[in-house]
Amino acid sequence: MTASVDTSTADTTSAPLPTAGPAPVQEPPVDVTAQVLDIARRSKVAARTLATATRAMKDAALHGLADALVRASAQIGAANAEDLARGRTNGTSPGLLDRLALTHERIVAIADALRELAALPDPVGEVVRGSTLPNGLRLRQVRVPMGVVGMIYEARPNVTVDAAGLALKSGNAVILRGGSAAARSNEVVVEVLRAELAARGLPADLVQSIDAYGREGAVALMHARGLVDLLVPRGGADLIQTVVREATVPVVETGVGNCHVYVDASADPAMALPILLNSKTQRVGVCNAAETLLVHRDAAEGFLPAALTALAAAGVTVHGDDRTAALAPAGIDVVPATDVDWATEYLSLDLAVRVVDTLDDALGHIRTWTSGHTEAIVTQDLAASERFVAELDSAAVMVNASTRFTDGGQFGLGAEIGISTQKLHARGPMGLAELTTTKWIVHGEGQIRA
């Protein structure tokens with residue numbers, strides 16, 4: 001209830017009337033779409049400066065960016081600590097916090113990845129194919145930059161650097177939308193990169209961020225057709241599907257990693273166990289970590305008890321079928337698995353486990369539940385490995401090796417901008433070549449078409 005005031009006897013003759021001060025200045029609302037389109041136009045202009053840049057110029061810039069990041073390690077680390085503290089307060093999962101974290105060692109590793117990029121061949125200008133026609137026309141199909149590459153990603157400040165480095169080496173400008181979880185980290189990293197580019201006489205606008213414009217900015221980037229030449233979403237399934245569904249610019253779809261390890265009947269347990277543990281536990285919050293283990297029934301009794309013991313020792317919670325639970329040693333719990341487990345990218349110390357009767361059953365399970373990222377078979381049977389490779393349609397298939405190798409750096413591509421699970425020009429780890437397109441160059445001597 002509000003108190004009433006009796007004004008019937010109030011003396012209003014002697015009190016001065018209140019005077020109105022200056023009206024507060026109303027800031028005009030920000031036109032986010034206009035701001036993002038302006039950023040894209042500046043990116044387009046900046047990208048043109050790289051069209052004639054030599055490899056030496058680009059490589060020197062990459063080394064400069066790497067040195068600048070290491071020099072700014074303390075500043076970046078302090079910003080990252082703010083993001084991590086906010087993430088813990090907001091209940092961010094341990095897997096995502098691991099992706100978000102930037103230790104000094106990780107910053108040095110990110111810088112080293114830029115130096116590795118500098119050592120790789122420049123894809124721009126590479127002749128893909130060529131010929132001379134009967135009429136004398138000389139044809140060449142050569143690699144050229146995409147132009148402006150957009151990145152929308154989550155909780156991965158290392159992607160900020162990877163994308164910038166890959167874009168620079170391949171002759172592109174990049175526009176980054178890194179999400180709120182890594183806002184301070186990305187802000188500082190972008191400042192460091194832009195300052196170093198400017199110090200080297202290159203346009204700072206080769207690297208720009210639209211983080212300040214939030215989700216509305218991301219939508220504007222998705223709709224910047226004619227200004228953004230390629231958009232790459234990198235993150236969880238919801239993010240990727242939103243971009244694929246909403247974007248009007250060309251999109252390369254990266255995929256979540258519901259990756260499988262299959263231990264075949266002929267597998268050597270001494271080989272299979274380290275592959276399994278590395279695939280699952282070496283780093284859990286990444287898309288190439290294994291999420292499901294399939295074991296042939298003929299290998300199950302000799303492999304699963306030791307495997308379940310080792311997984312438990314590593315802190316892994318196993319979600320298994322009845323046959324898996326029956327082989328669990330005393331004291332090791334197995335959570336009953338459901339279809340949700342077969343479909344889940346855990347990004348945590350959880351693993352779905354199933355015993356299968358045949359290779360066909362393993363292949364059928366994977367075809368049903370895979371995200372098309374990476375599958376691995378452990379086997380001594382050449383025919384089984386050949387079937388596994390031929391009959392599975394994922395972006396990467398491993399034979400007797402960890403799923404964790406599906407990575408641009410591990411494949412010798414330098415850093416990666418993402419791992420594509422679609423089937424257009426880019427599939428698997430996307431390195432320098434995947435950030436280029438081609439153009440046809442035709443030289444003639446006055447030929448005309450009859």
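Predicted model: local features only at pLDDT ≥ 70, side-chain atom pairs only at ≥ 80, totals over all residues.
1. Lining of the largest cavity. The residues around the largest cavity are Leu69, Ile76, Leu102, Ile107, Ile110, Pro157, Asn158, Val161 and Val189. Helix H5 (104-119) and helix H6 are the elements that give two or more residues to this lining. The most comes from H6, with three residues. By class, the lining of the largest cavity has eight nonpolar residues, one polar residue and no charged residue.

2. Lining of the second largest cavity. Here the lining consists of Leu65, Ala164, Ala167, Leu168, Asn172, Val174, Leu197, Leu206 and Val207. The lining of the second largest cavity divides into eight nonpolar, one polar and no charged residues.

3. The four-stranded sheet. Four strands form an open sheet in the order S5-S4-S3-S6, and their pairing is parallel. Strand S5 (207-209) and strand S6 (230-234) stand at the edges with a single partner strand each, so one side of each has no neighbour in the sheet. From one strand to the next, the twist averages 20°. In general, strands of a sheet pair through backbone hydrogen bonds, either parallel or antiparallel.

4. The pairing of S3 with S6. Strand S3 (residues 148-153) pairs with S6 in the parallel sense over five bridges. Within this part of the sheet, Ile152 stands opposite Pro233 in S6.

5. Helices on the sheet. Helix H1 (residues 32-49) lies across S3, strand S4 (173-177) and S5, and runs at about 150° to S4. Helix H6 (residues 157-169) also packs on the sheet, where H6 touches S3, S4, S5 and S6. The direction of H6 makes about 165° with that of S4.

6. Positive phi at Ala155. Most residues other than glycine have a negative phi. Ala155 is not a glycine, yet Ala155 has a positive phi of about 50°. Ala155 is found in the loop between S3 and H6. With a relative accessible area of 7%, Ala155 is buried, because buried means under 20%.

7. Positive phi at Asn400. Asn400 is not a glycine either, and Asn400 has a positive phi of about 55°. The place of Asn400 is in the loop between strand S13 (396-399) and strand S14 (419-420). The relative accessible area of Asn400 is 29%, so Asn400 counts as partly exposed.

8. Thr281 belongs to helix H10 (residues 269-281). Is Thr281 buried, partly exposed or exposed? At 27% relative accessibility, Thr281 counts as partly exposed. Leaving aside neighbours within four places in sequence, Thr281 is in contact with Ala314, Val316 and Leu349. From C-alpha to C-alpha, Thr281 and Asp350 are 9.4 Å apart in space, while they are 69 residues apart in sequence.

Technical notes
Residues numbered from 1 in each chain as written. Heavy atoms only, no water. Pairing = 2+ DSSP bridges. Axes fitted to C-alpha atoms, helices over the stretch in contact; angles between N-to-C directions. Contact = heavy atoms within 4.5 Å. 1 Å grid on protein atoms, 1.4 Å probe; cavity = no way out; pocket = protein on both sides within 12 Å on 5 of 7 lines; lining within 4 Å. Nonpolar A, V, L, I, M, F, W, Y, C, P; charged D, E, K, R; others polar. Buried < 20%, exposed > 50% of the residue type's maximum accessible area, 1.4 Å probe, protein only.
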